[in-house]
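Work through the following exercises with the structure in view, and try each task before reading its solution.

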Amino acid sequence: MELADNESKTPIKIGDRSTSDVVVRIRTQDGRDDWIYSHSEILISKSKYFADRLSDDWPTCQILDSRNCVEVNCEERDFDYHITVLRLFYITSDMLVTDLCGVKNALGTLRVAVELGCPQIVSTCVGYLEAVPWEESEEEEILKIIPGMGSQAEPILARLQPVNPSAVVKIFLSAIRFATSSPPSLMNDLKTSAQEQLEYMLTEDDDAPLLTADDVIKFEASQCVHRLLSRFVDLVKSLVCDFQELVPEPRQMELFLSYLTDLLWASQIAAKLEISREFIHIWVDTSANIVKISEQSCPIDELNGIKVKALEVTTKVLEAIAYGTVVLPPLERLQMVMTWLPYIRMMKPLTDSFSSDEDNNLLVKFDCELWQSLESSLVSIILTLPSGDQAEILREWLDSKEIRYPDLTEAFEVWCYRSKVSKRRLALLDGSHQSTSQV
């Protein structure tokens with residue numbers, strides 16, 4: 001819609017030389033130069049910048065046909081947006097939104113409108129940018145430009161403002177309840193997304209974690225993990241009974257794999273929240289049955305997702321025990337080593353020889369770093385055991401065909417040294433105690 005002259009009711013058009021009384025000359029340092037035939041009445045009513053430039057207080061220069069000329073020098077990137085703003089002066093406000101044509105154009109238009117003091121266009125651009133979705137690149141550009149525009153542009157940034165901490169906690173608790181609820185397989189994508197975001201919320205990267213875990217958060221999270229573990233243990237018991245009588249249904253094995261996947265994630269969340277104790281104890285107590293189910297889930301010389309996921313969770317558990325994150329008594333540490341060491345020996349050559357099937361996303365090949373971590377954890381745990389238990393484990397290792405992995409050479413060397421010097425060490429220690437008691 002075009003504006004009309006109040007007296008003649010004749011539509012006023014931008015660029016109309018017959019009715020124009022002012023020329024806006026837009027120029028850049030790169031040589032672009034455009035003359036826009038305009039109308040002082042429109043410019044003054046729409047823009048503080050032009051109102052000042054066309055006032056008696058600002059000297060203007062005359063050009064042909066006795067028109068005033070206002071020069072506007074701008075950067076190359078803003079040249080087209082200056083012309084856009086001038087065109088918007090000549091249409092009604094209800095058409096402005098449709099003329100913005102996307103976030104990038106609206107942002108450039110807003111930048112020029114702020115410079116030229118055009119409140120109507122600024123308001124429309126702000127309303128548009130506040131309401132529409134942004135691409136990631138557009139969001140980054142908005143963060144560069146909008147903060148410098150002052151309070152008039154603040155509504156645009158409403159979606160980026162920090163959230164009240166209590167709202168973050170509520171979101172976290174709702175998400176972790178859903179992520180550990182074992183929903184139907186049709187909701188796996190939603191569950192996986194919730195798990196990824198929960199882990200992201202707790203991760204310290206370039207930014208601090210989104211929330212700090214207090215006692216309330218730890219308690220609620222531990223309850224969620226406990227319920228997940230309880231369902232897993234019940235399924236394990238059911239599968240063990242089924243294996244003794246008949247072959248479990250495929251649906252049950254799929255559920256078992258789903259639980260293992262969830263527990264792998266839960267082990268990482270529990271570690272971040274420092275609530276791993278119950279998780280570790282339950283995994284240790286259930287390990288023998290987990291190994292039994294995993295080994296019977298497919299032929300011994302084949303690899304599947306259950307075998308891999310079971311080992312991935314076990315790696316997290318062994319790391320926690322080795323680092324002292326959770327303190328276990330000697331018998332439980334020995335139980336973990338004796339239960340999983342044969343399984344690990346079986347798995348290493350399988351994964352080494354396995355050729356990834358591009359169509360099978362379930363099978364994930366261990367990388368070298370993970371195998372090294374697993375080996376290091378085993379060595380550390382073995383060296384914490386009583387020397388007699390160490391000797392039995394090392395004897396069995398030396399007799400094994402799979403002596404290359406895990407490589408217990410470091411544990412063997414330490415055991416040999418300790419065993420050889422033990423009598424002298426303990427004798428010196430007893431002598432020191434006797435001397436102390438005599439004094």
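A salt bridge is a side-chain nitrogen of Lys or Arg within 4 Å of a carboxyl oxygen of Asp or Glu. The model shown here is predicted, and a search of the whole structure with this criterion finds 18 salt bridges.

**Exercise 1.** Determine which parts of the chain are tied together by the salt bridge between Asp-262 and Lys-191.

Solution. Begin with the distance: the side chains of Asp-262 and Lys-191 meet at 3.0 Å, N to O. Next, locate the partners: because Asp-262 belongs to helix α11 (residues 250-273) and Lys-191 to helix α9, the pair links parts that are 71 residues apart in sequence.

**Exercise 2.** Decide how far apart, in helical turns, Asp-399 and Arg-395 are.

Solution. The closest N and O atoms of this salt bridge between Asp-399 and Arg-395 are 3.1 Å apart. Both residues lie in helix α16 and are four residues apart, so about one helical turn separates them. As for accessibility, Asp-399 counts as exposed at 56%, whereas Arg-395, with a relative accessible area of 42%, is partly exposed.

**Exercise 3.** Classify the packing of helix α14 against helix α16.

Solution. Start from the geometry, in which α14 (residues 330-353) and α16 (residues 387-399) pack at an angle of about 10°, with their axes 12 Å apart. Angles under 35 degrees count as roughly parallel, and therefore α14 is roughly parallel to α16. The residues making the contact include Leu-334 and Leu-341 of α14, together with Ile-393 and Trp-397 of α16.

Terms used
Residues numbered from 1 in each chain as written. Predicted model: local features only at pLDDT ≥ 70, side-chain atom pairs only at ≥ 80, totals over all residues. Heavy atoms only, no water. Axes fitted to C-alpha atoms, helices over the stretch in contact; angles between N-to-C directions. Helix = DSSP H or I, 4+ residues; strand = E, 2+ residues; numbered from the N terminus. Parallel < 35°, antiparallel > 145°, perpendicular 65-115°, else oblique. Contact = heavy atoms within 4.5 Å. Buried < 20%, exposed > 50% of the residue type's maximum accessible area, 1.4 Å probe, protein only.
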